[in-house]
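This report looks at charged pairs and at one helix packing. The structure comes first.

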Amino acid sequence: MTAYRVEIIAVGTELLLGNVANTDAQFLSEMLASVGVDVLYHTAVGDNPARLREVVDIARGRANLLVFTGGLGPTYDDMTKQIVCEAFGLGLEFHPEIVEEIRHYFDTVFRREMPACNLQQAYLPRGCTVLHNPVGTAPGCIFETGGVTAVLLPGVPHECRHLAEHELLPWLRGQGIAMQRQKTVLAGSSYGGIASSWVALRYPRLFGNVLSLSGSYWWAPKGDAPGWLTRQYQQSPPYPVRFWLQAGKFETTGPGGGIYRTTQDFEQVLKEKGYRVSFHPSSSGHDYAAWCEALIHGMRDLTGLRRQ
C-alpha cells in the first residue's frame, strides 16, 4: 500500500481575490484525514499558465498525490488539464462517451443544446481513470506517472464533493486505504478528556469512540455556568459515537461539584440522548496512576478485546 503525501492545489483567480472561499480544500482535507491520508500542503493559484506550471513542479517534488480542484470548465481560462498534462509529459485524448454525458446533462438539466465549447471537457489525460460526473459537466480523472498520482476534480463545490465521495474514495479503497471511524479512539485526561469529547461532537464523521479520563466537564467559558460541553451535547443531535468515561471518587471539589459529579452529569445527558456510554469510577483522585490503568481497560473495551 502506498503511503500518500498529499498536496491540494486549488486553481482559480477568484480564490485569490477573496470572492470565493476555498471550501473544496477544507472538505477534501477532512475526507482524506478520515481514511488516514496525510494532507501536507494547501496551495491556491490563479488562472495563469506559468504560475500553475510552477506550482505543479514544486508540488510533485514534495508530494506523491496531487489533488487539483478547479479549471476543468469549458472557458478559455480553464487550463488545469492542459498545464498538468504538459508538466507530466502527457497528451490529451478525446472521450466520445463524455460528450454524450455532457449532452444528456444539458438536455435534462439546462434543457438546451450543448454549446460547442463544452467539447473541450471531453479531452482527458491519456490513459487516465475517468471520474464520471452526473451532477455537472466537468468530468474528473486520476492518472499516475513517475511515482506521482494526480487527481483532477471540478471546482464547483457540490461537484467536487460528489466526485470525491463517489469516485475518489472508492479508488483510494482500491489502493488499500481505508480507515473506519468505528475503529478510531479519541483519548485524553483532565482537559484532554473534555477536549476529546468536544472534538467528537465537532467531527463525528471522523471519530467513533471517546475515552475520557477525569475529564474536566466542569469547564465553561468565562461568564458561563459549569458544564458547558454537557449543555452542548444536550442541545445537539446525537451522533454515532461511543463513550468510555472514568473519574476518581475523590475528585469532589471544584465548580459544579467537581470532576466526579460533572462526569456523572455528562454521562446522564449522553444516556438521555441515546449514546452508548459507560462510566467507570475509580478509588482515586486526579492522578496518573489511575489513568494508566483506566486507559488499558478502556482501550480493551472500545476495541473489543477481552481482559486477560
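## Salt bridges

A search of the whole structure finds 6 salt bridges (a side-chain nitrogen of Lys or Arg within 4 Å of a carboxyl oxygen of Asp or Glu). The model is predicted: local features need pLDDT of at least 70, side-chain atom pairs count only at pLDDT 80 or more, and totals for chains, interfaces and linings use all residues. Residues are numbered from 1 along each chain as its sequence is written, and side-chain values use heavy atoms, leaving out hydrogens and water.

One of the bridges joins arginine 62 to glutamate 7, at 2.9 Å from N to O. Arginine 62 sits in the loop between helix H3 (49–60) and strand S3 (65–69), and glutamate 7 in strand S1 (residues 5–11), so the pair ties together parts 55 residues apart in sequence. Helices (H or I, at least four residues) and strands (E, at least two) are DSSP runs, numbered from the N terminus. Glutamate 7 is buried at 1% relative accessibility; arginine 62 is partly exposed at 31%. Buried means under 20% relative accessible area, exposed over 50%, partly exposed in between (1.4 Å probe, protein chains only).

## A pair within helix H3

Aspartate 57 bridges to arginine 53, with the closest N and O atoms 3.3 Å apart. They are 4 residues apart in helix H3, so about one helical turn separates them. Aspartate 57 is partly exposed at 34% relative accessibility.

## Helices H7 and H8

H7 (residues 191–202) and H8 (residues 228–235) pack at about 20 degrees, their axes 11 Å apart. Axes are lines fitted to C-alpha atoms, for helices over the stretch in contact; angles run from 0 to 180 degrees between N-to-C directions.
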